[in-house]
Amino acid sequence: MSTARTINSLMLLILPLVVAVAGLGWLVTLALLLLLLLWRWLIILSGISAPARNRSNNPELVLDSISASHYVEKVRWCLDRLGVAYEEQPAGGTLGAFFLGRTVPRLRCRTGLVQSSIGNSAEILRYLWGRYHAERPESAEFLRADEQRLQLEQHLDRTGRDLQVWVYYHLLPHRALTLHAWGANNPALPAWQRLLLRILFPVLRLLIRRAFGITTARYEKAVQHVDQLLHQSEQQLADGRGSLLGGDQLNYTDFSFAAINGLWLMPDGYGGGHADAVRLRADQRPAAMNRDIQHWRQDYPLSTAFIEQLYRAERKLPGSTVQPSQD
Ligand SMILES: N[C@@H](CCC(=O)N[C@@H](CS)C(=O)NCC(=O)O)C(=O)O
């Protein structure tokens, strides 16, 4: 149904051009306009009157993503662990933000007759907990939030933004690398999006630079913030605990920590098979980026081992085509 709506919207946009080129009179133009509006109304009515038919080709949960995103990885991980069926729909990096005004992850879920959508990874996890904890209490338990977890989650999400600054600081000067990370070589993306990324690259790069305020000073601050987070986790993990906040029972903050830091560590299994086509091998990455990664690996061995162990235990999904890390 959403494809029909998109086509309808495109035709409404194109109509003035058709009228001008064909030199149509006002009566014909009005008739065409009414026909397009009638068509739109029928699309809406069909969604309400034939929900069963729409159900079969609309999955209950759709995760809008960009393949490399660490915020998406957090939600993807929790969905996989929860064991609910969902469909991931990847888009080219930045296209959704700059042309649709949305960020990813975005979860679209069938709620009654309509489809609702939730943005922001933290809110998505709250929805999953609310929706599933009564229905499947055991598998949803890891999503339970409390004050301490919420605080750590906020810290992780702030550091996630620092890591966006970090990654763009290193990649933006390199057109081919940035395009690769955005999915320009990812066969899972529609060809028109891959082409658009290449054509619009200079504009998208400018917009990203402005959106994140990428400067050397901001990059240095970002590295400092990542250091602070890893210093904290290193201290927490020093007593041999299995979960960051204590005890051995894993919860969503452990997966968030691993997913957010997965952006620099790129452990085997990152993306659960959805990010393989956007990975950059160590020999492809800029030297300065590799230096930061080496520094974090060396200075924070417990955190690095914790993340890699979580990925080994949880993210080697069947069917994943993850290549062994070259780091
Ligand atoms: N606070 C948001 C941050 C989301 C975010 O910044 N997502 C990035 C990808 S990592 C995004 O949507 N970028 C725009 C795009 O690629 O379309 C969350 O937790 O979901």
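User: What share of the chain's residues count as buried?
Analyst: Of its 327 residues, 44% count as buried. Keep in mind that this is a predicted model.

User: OK. How many helices and strands are there?
Analyst: The chain has 14 helices and four strands.

User: And what does the C-alpha trace span?
Analyst: About 80 × 50 × 35 Å along its principal axes.

User: What part of the contacts with a separation of 6 or more joins residues 24 or more positions apart?
Analyst: Such pairs make up 74% of those contacts.

User: What about the surface?
Analyst: The accessible surface is about 16500 Å². Carbon and sulfur atoms account for 59% of that.

User: And charges: how many positive and negative side chains?
Analyst: There are 35 positive and 29 negative side chains. The centres of the two sets lie 10 Å apart.

User: Switching to holes. How many cavities of 30 Å³ or more are there?
Analyst: The count is one. The largest cavity holds about 30 Å³ of space. Its lining includes Ile66, Ser67, Trp182 and Val278.

User: What about the second largest pocket, how much space is in that?
Analyst: About 960 Å³. The lining of this pocket has 44 residues. Ile66, Ser69, His70, Tyr71 and Gln164 lie nearest the centre of the pocket. Ile66 also lines the largest cavity.

User: Which helix gives the most to that pocket's lining?
Analyst: That is H8, with 10 residues. H8 covers residues 147-171. Other helices supply at least two residues each, among them H4 (70-82), H10 (191-212) and H12 (252-265).

User: You mentioned Tyr71. Is that buried or exposed?
Analyst: Tyr71 is buried, because its relative accessible area is 13% and the cut-off for buried is under 20%. Tyr71 lies in helix H4.

User: Which residues does Tyr71 touch, leaving aside neighbours within four places in sequence?
Analyst: Its contacts include Val104, Pro105, Asp157, Gln164 and Ile260. Take Asp157: 86 residues separate it from Tyr71 in sequence. In space, their C-alpha atoms are 8.0 Å apart.

User: Val104 and Pro105 are neighbours. What kind of peptide bond runs from Val104 to Pro105?
Analyst: That bond is cis, with omega near 5 degrees. Pro105 sits in the loop between H5 and strand S3.

User: Next topic, backbone angles. What is phi of Asn120?
Analyst: It is near 75 degrees, a positive value in a residue other than glycine. Asn120 is in the loop between strand S4 and H6. At 46% relative accessibility, Asn120 counts as partly exposed.

User: And what about phi of Met266?
Analyst: Met266 has a positive phi too, about 45 degrees, and is not a glycine either. Met266 is in the loop between H12 and H13. This residue is buried, at 13% relative accessible area.

User: How far is Met266 from His231?
Analyst: Their C-alpha atoms are separated by 19 Å. Along the chain, Met266 and His231 are 35 residues apart.

User: Last one. Where does Thr304 lie?
Analyst: Thr304 is in helix H14, residues 301-314.

User: Why does Thr304 count as buried?
Analyst: Because its relative accessibility is 6%, and buried means under 20%. Beyond its neighbours within four places in sequence, Thr304 is in contact with Trp264, Leu265, Trp296 and Arg297.

Notes. Residues are numbered from 1 along each chain as its sequence is written. This is a predicted model: local features need pLDDT of at least 70, side-chain atom pairs count only at pLDDT 80 or more; totals for chains, interfaces and linings use all residues. Side-chain values use heavy atoms; hydrogens and water are left out. Buried means under 20% relative accessible area, exposed over 50%, partly exposed in between (1.4 Å probe, protein chains only). Contact means heavy atoms within 4.5 Å. Accessible areas come from the Shrake-Rupley method with a 1.4 Å probe; for residues, only the protein chains shown count as cover. Lys and Arg count as positive and Asp and Glu as negative; His and the chain ends are not counted. The place of a charge is taken as NZ of Lys, CZ of Arg, CG of Asp or CD of Glu. On a 1 Å grid over the protein atoms alone, a cavity is a set of points where a 1.4 Å probe fits but cannot get out, and a pocket is an open set with protein on both sides within 12 Å along at least five of seven lines; lining residues have an atom within 4 Å of a point. Grid points are joined across faces, edges and corners, and a volume is the space filled by probe spheres set on the points.
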